[in-house]
Amino acid sequence: MANREALRELQSRLASRLQAARTEGMSVAWLALRVGGKNLLFPLGQSGEIFPLANLQPVPYARDWFRGVINIRGGLYGVVDLAAFIASDTGTVRAEPPSQDLSVVTLNLALEVNCALQVDGLLGLRGGDAFASSSPADPGAPAYYGNQFIDSAGEQWQEIDLRILSQTPQFLSISA
């Protein structure tokens with residue numbers, strides 16, 4: 001139960017910081033997340049809201065990475081296990097199992113896709129000054145992979161372009 005309270009507190013702090021960044025024009029560019037053992041960055045302009053994963057309703061005959069649907073503020077959102085989706089798209093294996101207290105990040109309403117991405121952990125907000133170097137995605141990486149970043153601690157971060165992700169044919173096809 002303490003984990004849920006800590007998650008709610010983190011989500012509340014992130015929501016406040018997101019709102020402040022939008023109104024004050026701060027140089028925050030990404031929402032930092034842990035997904036399948038990897039550090040990912042979602043562009044703030046493409047990210048929506050953060051919610052705990054609760055009351056998930058499975059969908060029969062869907063792909064393994066499509067977890068089901070949830071009700072968020074009266075609307076139905078498809079939930080995609082992002083780590084499983086990336087693993088199936090790149091032919092790799094998920095680096096670590098999902099955490100116990102999963103969250104979802106909705107796509108920005110401007111992308112016009114009622115989708116929530118399942119993530120293992122919320123790591124806060126990051127601006128360009130949080131990284132020591134950047135480089136383009138590896139050749140052969142999925143089209144939705146943006147730049148790769150290295151922070152001052154030597155950790156690697158992969159940017160995910162949610163607009164491109166939401167328009168890829170595999171992402172739009174949930175049936176097996």
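This is a predicted model: local features need pLDDT of at least 70, side-chain atom pairs count only at pLDDT 80 or more; totals for chains, interfaces and linings use all residues.
Reader: Which residues of helix H2 are buried?

Author: Within H2 (residues 82-90), Leu 82, Ala 83, Phe 85, Ile 86 and Ala 87 are buried. Each of these therefore has under 20% relative accessible area.

Reader: Why is Leu 40 called buried?

Author: The relative accessible area of Leu 40 is 2%. Buried means under 20%, so Leu 40 qualifies. Leu 40 lies in strand E2 (residues 38-43). Apart from neighbours within four places in sequence, Leu 40 is in contact with residues including Leu 82, Ile 86, Trp 157 and Ile 160.

Reader: What makes E1 and E2 paired strands?

Author: Six bridges join strand E1 (residues 28-35) to E2, and the two run antiparallel. Pairing needs at least two bridges, so E1 and E2 count as paired. Val 35 has Lys 38 in E2 as its bridge partner.

Reader: Why are E8 and E9 placed at the edges of their sheet?

Author: The sheet is open, with six strands in the order E8-E1-E2-E11-E10-E9 and mixed pairing. Strand E8 (121-127) and E9 each have a single partner strand, so one side of each is left without a neighbour in the sheet. On average, neighbouring strands of this sheet are turned by 30 degrees against each other, direction ignored.

Reader: Which are the edge strands of the sheet with five strands?

Author: That open sheet has the order E3-E6-E7-E5-E4, again with mixed pairing. Strand E3 (47-52) and strand E4 (66-72) are the edge strands, since each pairs on one side only. The twist from one strand to the next averages 30 degrees.

Reader: How do you know that E3 pairs with E6?

Author: Four bridges join E3 to strand E6 (residues 103-107), and the two run antiparallel. At least two are needed, so the pairing holds. Phe 51 stands opposite Val 104 in E6.

Reader: Why is the pair of Phe 131 and Phe 149 called tilted?

Author: The count of aromatic pairs comes to nine. In the pair of Phe 131 and Phe 149, the ring centres are 4.9 Å apart and the planes stand at 40 degrees. Centres must lie within 6.5 Å; planes under 30 degrees apart would be stacked and over 60 edge-to-face, so this pair is tilted. Phe 131 lies in strand E9 (residues 131-135) and Phe 149 in strand E10 (residues 145-151), so the pair ties together parts 18 residues apart in sequence.

Reader: Are these two rings, Phe 131 and Phe 149, on buried or exposed residues?

Author: Phe 131 has a relative accessible area of 11%, and Phe 149 has 9% relative accessibility. The cut-off is 20%, so Phe 131 is buried, and Phe 149 is buried too.

Methods
Residues are numbered from 1 along each chain as its sequence is written. Side-chain values use heavy atoms; hydrogens and water are left out. Buried means under 20% relative accessible area, exposed over 50%, partly exposed in between (1.4 Å probe, protein chains only). Rings of Phe, Tyr and Trp (its six-membered ring) pair if their centres lie within 6.5 Å; planes under 30 degrees apart count as stacked, over 60 as edge-to-face and the rest as tilted. Axes are lines fitted to C-alpha atoms, for helices over the stretch in contact, and angles run from 0 to 180 degrees between N-to-C directions. Contact means heavy atoms within 4.5 Å.
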